[in-house]
Amino acid sequence: MTVHTLVRSTGRRGWTVRCDVCEYTFAAAVASLPEAVAFVETNGWIVGERTWCPMCSATHTCSRTA
Ligand SMILES: [Zn+2]
């Protein structure tokens, strides 16, 4: 099962993660995929079965708990 399908190598330096909901993209200038995941997670992203940007993860959390 590929859980990081939305995290892609940019081909040069770094990785790009794309929000599963709003398609917002965020670039992480790190060498490896695990580093990219860790980097975006520290910036509020949720990466797993779904990939959410900070805004969508907040909205999702609110809607689930409302
Ligand atoms: Zn989003």
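The chain folds into 2 helices and 5 strands in what is a predicted model. Read from the N terminus, the order of these elements is β-β-β-α-β-β-α. The chain has 66 residues, and 18% of them are buried. Of the contacts with a separation of 6 or more, 36% join residues 24 or more positions apart.

A place to start is the pairing of two strands. Strand S2, residues 15-18, and strand S3, residues 25-28, run antiparallel and are joined by 4 bridges. Within this pair, Arg18 of the chain lies opposite Thr25 in S3. The hairpin that S2 and S3 form has 6 residues between its strands, and Glu23 there adopts a positive phi near 65°.

Next comes the interior. In soluble globular proteins, nonpolar side chains tend to be buried together. Here the largest nonpolar core consists of 10 residues: Trp15, Val17, Cys19, Ala28, Ala36, Val37, Val40, Trp45, Trp52 and Cys53. Two elements, S2 and helix H1 (33-42), each give two or more residues to this core. H1 supplies the largest share, with 3 residues.

Leaving aside residues up to four places away in sequence, Cys53 touches Cys19, Cys22, Tyr24, Phe26 and Trp45.

Note on methods:
Residues numbered from 1 in each chain as written. Predicted model: local features only at pLDDT ≥ 70, side-chain atom pairs only at ≥ 80, totals over all residues. Buried ≥ 20, exposed ≤ 12 C-beta atoms within 10 Å, placed from the backbone. Contact = placed C-beta atoms within 7 Å. Pairing = 2+ DSSP bridges. Core = buried A, V, L, I, M, F, W, Y, C linked by C-beta atoms within 7 Å.
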